[in-house]
Amino acid sequence: MSGEKKEGAPSSYFIGKKEDLIQAKRITTTIDGRDILVVFHQGIFYAMDQYCYHAGGPLVNGDIEEFNNKLCIVCPKHKYKISIAEGEGIYKATNPREKVPTARWYSKGIKQRVHKVSEVNGDIFVTLSEVPGWIESDYYQTEKGKEEMKKN
Ligand code: FES
């Protein structure tokens, strides 16, 4: 059963069997009131908040591509790129003050909360991030943020 707490590990939740999740490639689930996305990509599991930090876009439908040597999920709504391992927002831009303006990758910092995925004997668990402070994707986990998403 999804979202079940693991015995003895207060913040780890069973989300499914490894083979099932590999086959599904992506699932969305709610653990401890938080809506998350779990992705299996190139042999690795990743977990992050389900709604894009920018305006709550459905990351479950985002393509995964590499930009600037980082594997990113591209939000289907406005194409923001978010590194799937760290939750970093990255973008490409040119600085018009440069003699020869050249497009470069820049970081916006960590914008999407990512969670830890672990495996125990073929069972997959997610441990919610305990990074303190506000990360922008937190907003779309609140009632207010969810209301706003419905309007858009
Ligand atoms: Fe994701 Fe705008 S909502 S890029």
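This is a predicted model: local features need pLDDT of at least 70, side-chain atom pairs count only at pLDDT 80 or more; totals for chains, interfaces and linings use all residues.
Trainee: Hi! Which residues touch the most other members in the largest nonpolar core?

Mentor: Those are Met48, Leu59, Ile73 and Ile84, out of 14 residues in that core.

Trainee: And which strands each supply at least two residues of this core?

Mentor: Three strands do: β4 (34-41), β5 (44-49) and β7 (70-74).

Trainee: Let's zoom in on isoleucine 73. What is it in contact with, leaving aside neighbours within four places in sequence?

Mentor: Quite a list. Isoleucine 73 contacts Leu37, Met48, Leu59, Ile64, Ile82 and Ile84, along with Gly62 and Tyr80. Arg26, Asp63 and Lys81 are also in contact with isoleucine 73.

Trainee: What does the second core include?

Mentor: The second core is separate and has 13 residues, among them Tyr13, Ile36, Val38 and Phe45.

Trainee: Switching to cysteines: how many disulfides does the structure hold?

Mentor: The count is 0.

Trainee: New topic, backbone angles. What is the phi of aspartate 32?

Mentor: Aspartate 32 has a positive phi of about 50°, although it is not a glycine. You'll find aspartate 32 in the loop between β3 (26-31) and β4.

Trainee: Is aspartate 32 buried or exposed there?

Mentor: Aspartate 32 counts as exposed, because its relative accessibility is 60%.

Trainee: What about asparagine 68, what's its phi?

Mentor: Asparagine 68 also has a positive phi of about 50°, and it is not a glycine either. Its place is the loop between β6 (63-67) and β7. At 41% relative accessibility, asparagine 68 counts as partly exposed.

Trainee: Last one, threonine 127. Where does that sit?

Mentor: Threonine 127 is in strand β12 (residues 123-127), and it counts as buried, at 14% relative accessibility.

Trainee: Which side chain does the threonine 127 side chain make a polar contact with?

Mentor: That would be the side chain of serine 12, at 2.8 Å. Not counting residues up to four places away in sequence, threonine 127 touches Ser11, Ser12, His115 and Lys116.

Trainee: Great, thanks!

Conventions. Residues are numbered from 1 along each chain as its sequence is written. Side-chain values use heavy atoms; hydrogens and water are left out. A nonpolar core is a set of buried Ala, Val, Leu, Ile, Met, Phe, Trp, Tyr and Cys residues joined through side-chain atoms within 4.5 Å. Buried means under 20% relative accessible area, exposed over 50%, partly exposed in between (1.4 Å probe, protein chains only). Helices (H or I, at least four residues) and strands (E, at least two) are DSSP runs, numbered from the N terminus. Contact means heavy atoms within 4.5 Å. A polar contact is a pair of N or O atoms within 3.5 Å; within protein, one must be able to donate a hydrogen and the other to accept it, and residues adjacent in sequence count only if both atoms are side-chain atoms. A disulfide is a pair of cysteine sulfur atoms within 2.5 Å.
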